[in-house]
Amino acid sequence: MRVAEARITIVLLTAITVVVGATYWLAARNEAHTPLTIARGAGVVGGAAACVALGIAALHQEVRRHRRRALELARQWILAPGGGSNPLAKDKELTPFLTPLRQRVDELTAKADTLQVQKKNLEIQLRLADAQRRQSQIMLQGISDAVLITDGFDELLLANPAAASIFGFDLAAATKKPISVLLADKPGSGDGASRLAADISDMRQNHARTNRRTAEYQLEYDGKLRTFSVTLTCVIDNTDQFAGVVAMLHDRTREDEISKMKTDFVSHVSHELRTPLSSIKAYAELLVDGEATDDKTRSEFYHIIQAEADRLSRLIDNILNISRIESGMTRVHKKPVALNGLLKQVLEVAMPSARDKQITMVDQVSPVFFSVDADRDMIYQAALNLVSNAIKYTPTGGTVRVTLAADDVTNELTVLVTDTGVGIPPDAMKHLFEKFFRVEQNKNMAKGSGLGLNLTRQIIEAIHKGRMIVQSEVGKGSTFGFALPIAA
Ligand code: ADP
């Protein structure tokens, strides 16, 4: 039943009830008021009233059902994705409310669609940025110099393992941490780290004035104070906005050391060359000026010139040999070498100078049948250096013993040269193999350049993968030697 029909039914029922009630009241007005007539009258009126009540209840229910249906239609229309025509367009009460609601829903749906697209774009950009970041990190890891990249708040954006290791921070946990916290000074190592952090911050604040700066910082790393050359660069993005500061740290300690070593080497070489040259020049001048009046003096001067020229030549040979070995340019001809024969030859060559000082040469070169894989000339040179040193630094009447032994355990042949010489003070021991080093206390015993032991070590350790042996006691004597792997 529709609402309009229900309304008509109610009106009719009410009218019938009124008519019946009124007719009955008129008819009953002249009747005697007996209990029967009263009861009949009440029944008729009651029945009519019940009909009206039932009608009203039915109407009420119908109205509620109708509203519910209308609201459901309104809900479906408002929430329908495409909208379409209003199914309640004829409903003059609801339509003024529904139409703006539907428009609002359309607007919000359009907005949500736009936001969804924007969200997708952002997700793609985020993934892209993430991939780029990972790629940058991989590239940064490959750079041997330390790199730090900070943002507009002086917080770390990116760094590489070299930087983490220098400043001692955990790379994984360092992102977004303030650079001043990450670059903390180590106790007793100066203020290099905190100065660098302050300069990064200063660079960010003054990026408009300068966008590149280079400075040097002393930082403690790997157990020593090192010099880092640091380039700070401001990064400006494509909208001309400040994006960050890149700090690139280059450890130049080794370069500085090499440069100093080169300078020292040149000054040492010049000094060492000057001594025999001055001698040669002086004696040559004496001869030219006729200062040597007799044959004996002249012969003495010739011998001095010859000895100094030999010394000069040995010095130049040593320098060239060391430099060839260090630069890897030396030609090595390795083949099995029997050390017995080689040492006998060395002893023979050294004998005249030993005899001059009444030094007893003890030959303890046992007949060893093993040989070493070696460049004969080089090993000869190394052994001769040790034997000549033993004679040079042993006072007259001393003893020099040369030993050769095979060690089955280490699979090595060991050559030892033991003397009863002046010995070496403990503090000089660690410098023995440095170029141009000479023990101050022993300088007056013999002439020398301080290159012999360095060359010997280069020959034994760098070329033949052997090892040097040194023992010494001041006043008692020294043992210098080397061990080489037995040839297979
Ligand atoms: P040099 O040409 O001065 O002998 P070396 O490099 O051969 O140069 O030796 C370096 C220094 O080591 C020498 O100046 C000397 O002071 C010390 N030295 C080397 N061998 C001995 C030794 N057997 N006894 C004492 N001192 C030695």
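My entries on that helix and its packing follow.

This is a predicted model, so I note that local features need pLDDT of at least 70 and side-chain atom pairs pLDDT 80 or more, while totals for chains, interfaces and linings use all residues. Residues are numbered from 1 along each chain as its sequence is written, and side-chain values use heavy atoms, without hydrogens and water.

**Helix H10.** I looked up H10, residues 339-356, and found 18 residues reaching 26 Å from first C-alpha to last. Helices here are DSSP runs of H or I, at least four residues, and strands are runs of E, at least two, numbered from the N terminus. H10 bends by about 45° at Ala350, with Pro352 following within four residues; the bend is the angle between axes fitted to the seven residues ending there and the seven starting there. Just after H10, Gln358 has a positive phi of about 50°.

**Burial.** Buried (under 20% relative accessible area, 1.4 Å probe, protein chains only) residues of H10 include Leu343, Val346, Leu347 and Ala350. Their cover includes helix H11 (376-392) and strand S9 (399-407).

**Packing.** I checked H10 against H11: their axes come within 9 Å and cross at roughly 40°. Axes are lines fitted to C-alpha atoms, for helices over the stretch in contact, with angles from 0 to 180 degrees between N-to-C directions.

Key:
The expected span of a helix is 1.5 Å times one less than its number of residues. Buried means under 20% relative accessible area, exposed over 50%, partly exposed in between (1.4 Å probe, protein chains only). Contact means heavy atoms within 4.5 Å.
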